[in-house]
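Subject: Structure handover

Dear colleague,

Please find below the structure for your review.

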Amino acid sequence: MRNVLARVGDRWTVLVVTTLAEGPLRFTALHERIDGVSQRMLSQTLRALTRDGLVTRTAYAEMPPRVEYALTPLGRSLGGTVAHVVGWVREHQGEIVRNREMFDGPDDEATPGAADASSPT
C-alpha cells in the first residue's frame, strides 16, 4: 500500500493526472504545460503511471511518429480525487502561506513553534 500511496501522492503524478484530465496530449505539449518538470522526470513519471494502469501510451504509425498519453478509466477516477485536493489547496493556499510566514518569522521565543524547532525529537 505504501508504494501506491507514494505514486499517487507524488507531485509530478498529481500534475500529470491534472493536466491529462483535459484530454490526451503528446509528450511535448504535456512537458510545456507542467511547469518545472524536466523531460527525464516527466518520462519516468509517465512510464510509472503507464505501468500502474493510470495512463495509456498510444503510438501512431505516422511520419513523423506521434505518441499520445491519456488517462485510463482508473486514471480518470484518480483525477476526480486529485481535483478535490487541488481545489482544497487553491482555497487554503493563502492561509497556509500566512501560517508558514508566522512560523518562520524572526528568531525569538514568541515565534510559534520556535521552541519545538530547536528541541531534539
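Which residues of helix α2 (residues 11-20) are buried? They are Trp12, Thr13, Val16, Val17, Thr19 and Leu20, where buried means under 20% relative accessible area with a 1.4 Å probe, protein chains only. These residues lie on the same side of α2, because they cover an arc of only 165° around the axis, the arc being that of the directions from the helix axis to the C-beta atoms. At the start of α2, the backbone nitrogen of tryptophan 12 has a side-chain oxygen of aspartate 10 within 3.0 Å (a polar contact is a pair of N or O atoms within 3.5 Å, one able to donate a hydrogen and the other to accept it; residues adjacent in sequence count only if both atoms are side-chain atoms).

Please note that this is a predicted model, in which local features need pLDDT of at least 70 and side-chain atom pairs count only at pLDDT 80 or more, while totals for chains, interfaces and linings use all residues. Residues are numbered from 1 along each chain as its sequence is written, and side-chain values use heavy atoms, with hydrogens and water left out.

The chain has 6 helices and 3 strands, in the order α-α-β-α-α-β-β-α-α from the N terminus; these are DSSP runs, with helices (H or I) of at least four residues and strands (E) of at least two. Of its 121 residues, 26% count as buried.

Valine 55 belongs to strand β2 (residues 55-60) and is buried, with a relative accessible area of 2%. Leaving aside residues up to four places away in sequence, valine 55 is in contact (heavy atoms within 4.5 Å) with Leu20, Leu46, Leu49, Thr50, Tyr69, Ala70, Leu71 and Thr72.

Helices α2 and α4 pack at an angle of about 75°, their axes 10 Å apart; axes are lines fitted to C-alpha atoms over the stretch in contact, and angles run from 0 to 180 degrees between N-to-C directions. The angle makes α2 roughly perpendicular to α4, a term that covers 65 to 115 degrees. Trp12, Thr13 and Val16 of α2 meet Met41, Leu42, Thr45, Leu46 and Leu49 of α4.

Yours sincerely

Notes. Buried means under 20% relative accessible area, exposed over 50%, partly exposed in between (1.4 Å probe, protein chains only). Angles under 35 degrees count as roughly parallel, over 145 as roughly antiparallel, 65 to 115 as roughly perpendicular and the rest as oblique.
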